[in-house]
Amino acid sequence: MSEPNQEIIIVGGGAGGAELAVRLARAGCGPLRLIDQAASHVWKPRLHELAAGASKGELGEIPYQDIAERWGFVFEQGALADIDAEAKTICLDDDSTHDYRLLVLAVGGVTPDLGVEGVKEHAVMLDRYPDAPALYQRFTAALDKAAAQPPRPARVAIVGSGLTGVELAGYLASNPEVVASPDSGLPQTLEIHLIEASSTFMPVIDDDRTREDVRSRLADLGIRIHTGQKIAQVQADGVKTESGDRFDADMTVWAAGRVGPPLASRIDALATNDAQQWLIRDTLQSRDYDDIFAIGDCSACPQAEWPATAQVASQQAEHLSEQITAYLDGRAPTAFSFGDKGMLMSFGNGGDLGLVVGPTNDYVRISGHVSHAAYRGLQRQHQWVLLGTKTTLEGAVGDVVDALS
Ligand SMILES: Cc1cc2nc3c(=O)[nH]c(=O)nc-3n(C[C@H](O)[C@H](O)[C@H](O)COP(=O)(O)OP(=O)(O)OC[C@H]3O[C@@H](n4cnc5c(N)ncnc54)[C@H](O)[C@@H]3O)c2cc1C
């Protein structure tokens with residue numbers, strides 16, 4: 001048992017927290033405890049693939065205990081319930097408590113229901129690992145229901161044309177049990193409506209050509225895109241828009257943005273913004289306490305607009321691993337600055353597309369095998385941090401074989 005207040009505690013082992021734990025352990029920083037509510041780590045940017053029927057193995061699920069044993073830190077499965085920042089103690093949902101010397105919050109975010117009636121009751125979301133198999137179960141149930149006599153296409157409404165919405169739409173339409181292409185000559189078994197409140201499709205992307213490219217890839221998969229349609233109500237069998245339109249749906253997926261965790265607004269010790277994210281300084285320290293840091297989707301720095309992406313969480317983890325060492329030596333942490341490397345998207349049979357930042361800081365468009373390799377490469381890079389070179393190389397060889405077959 002460690003001395004009181006000696007442990008560095010990281011809560012949340014996702015894209016940011018898991019990388020931070022390993023980087024700190026490798027730097028000999030400790031004693032270190034990683035706490036996550038789940039038993040296994042998964043690379044969330046590919047969660048939509050699992051939700052559309054990919055096998056769990058394809059996503060490279062890694063038990064936290066294995067990572068902890070490999071690098072020599074403590075893993076504990078548990079959910080953060082409260083923080084007493086004055087006493088430097090956290091409380092988990094089983095009422096156990098831990099003293100900390102330094103606390104890092106990395107618990108990610110959730111999709112907001114935006115106060116829309118019926119979302120919680122009838123829609124599915126893709127926030128956590130267990131949501132993905134649950135979504136797939138709902139999807140196959142919808143297909144089965146629609147195939148019953150008289151057969152008709154299964155109808156899916158996806159609300160929100162951010163990365164989650166568009167990639168999920170592409171992968172659902174590519175599921176082998178589905179014939180969604182209008183050109184295939186076969187009867188369509190799936191009808192996907194992708195519904196966006198903004199008048200612009202994929203409003204988060206600042207590039208008309210890319211938006212058009214994504215739109216036409218999804219259209220080729222038979223996906224119907226509707227913009228300027230704000231949802232007023234989600235019902236058991238469809239969605240109603242503010243303008244009075246209705247889309248029938250056997251399953252509604254709610255993918256309307258990202259906010260911080262509900263937990264953040266329940267913890268009195270730390271200030272949050274309107275999107276229930278913990279307010280941090282550019283050093284990634286909480287606004288209120290020097291010895292509490294927050295990274296990734298659960299945090300926001302008012303002086304900077306960092307997007308809620310794995311790319312940001314990972315860069316913050318790398319920065320923080322150096323700053324924590326300095327902080328524990330009595331030096332002041334330095335400011336984090338985000339280096340945008342672009343974005344990569346994958347649409348199943350609709351192919352891959354990427355915008356990467358080139359040498360002159362302009363976006364360079366990539367597609368096809370190059371983009372697919374880069375998309376997989378992001379996960380490999382993450383695995384390399386968590387598992388080291390040998391295991392990552394073995395996986396990368398598998399990717400090359402996949403790409404060539
Ligand atoms: C379908 C989908 C596609 C995406 N595609 C991309 C993409 O292409 N590129 C990109 O950069 N980003 C993408 N993202 C976003 C990216 O996954 C997130 O921005 C990133 O994972 C955030 O990292 P994080 O460390 O903040 O949180 P997360 O990765 O969400 O990890 C949070 C961790 O905290 C744990 N946790 C939560 N609450 C508690 C609690 N109370 N106590 C203990 N543990 C807790 C969770 O179990 C989880 O392990 C995508 C997201 C989704 C859902």
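L284 is buried, with a relative accessibility of 0%, where buried stands for under 20% relative accessible area, exposed for over 50% and partly exposed for the range in between (1.4 Å probe, protein chains only). The model is predicted, so that local features need pLDDT of at least 70 and side-chain atom pairs count only at pLDDT 80 or more, while totals for chains, interfaces and linings use all residues. Residues are numbered from 1 along each chain as its sequence is written, and side-chain values use heavy atoms, with hydrogens and water left out.

**Backbone features in loops**

L284 belongs to the loop between strand 18 (278-279) and strand 19 (292-294); helices (H or I, at least four residues) and strands (E, at least two) are DSSP runs numbered from the N terminus. Although L284 is a residue other than glycine, its phi is positive, near 75°. L114 is likewise not a glycine and has a positive phi of about 55°. The loop that holds L114 runs between strand 9 (102-105) and helix 4 (119-122). L114 is exposed.

| Residue | Phi | Relative accessible area |
|---|---|---|
| L284 | near 75° | 0% |
| L114 | about 55° | 58% |

A cis peptide bond, with omega near 0°, leads from G30 to P31. P31 is situated in the loop between helix 1 (17-26) and strand 2 (32-36).

**Charged residues**

R46 sits in the loop between strand 3 (40-41) and helix 2 (47-51). R46 is buried at 2% relative accessibility. Its side chain makes a polar contact of 2.9 Å with the side chain of E49. A polar contact is a pair of N or O atoms within 3.5 Å; within protein, one must be able to donate a hydrogen and the other to accept it, and residues adjacent in sequence count only if both atoms are side-chain atoms.

D82, D84, E86 and D268 form a negative surface patch. Patch residues have over 30% relative accessible area and no salt bridge, with like charges joined within 9 Å and nonpolar side chains (Val, Leu, Ile, Met, Phe, Trp, Tyr) within 5 Å. A salt bridge is a side-chain nitrogen of Lys or Arg within 4 Å of a carboxyl oxygen of Asp or Glu. One of the patch members, E86, is exposed with a relative accessible area of 64%. E86 is located in the loop between strand 6 (80-84) and strand 7 (89-92).

**A buried strand residue**

A300 is part of strand 20 (residues 299-300) and is buried at 16% relative accessibility. From A300 to V259 the separation is 41 residues in sequence and 10.0 Å in space, C-alpha to C-alpha.

How values were computed. Areas by Shrake-Rupley, 256 points an atom, 1.4 Å probe, with all protein chains shown as cover. Lys, Arg positive; Asp, Glu negative; His and termini not counted. Charge placed at Lys NZ, Arg CZ, Asp CG, Glu CD.
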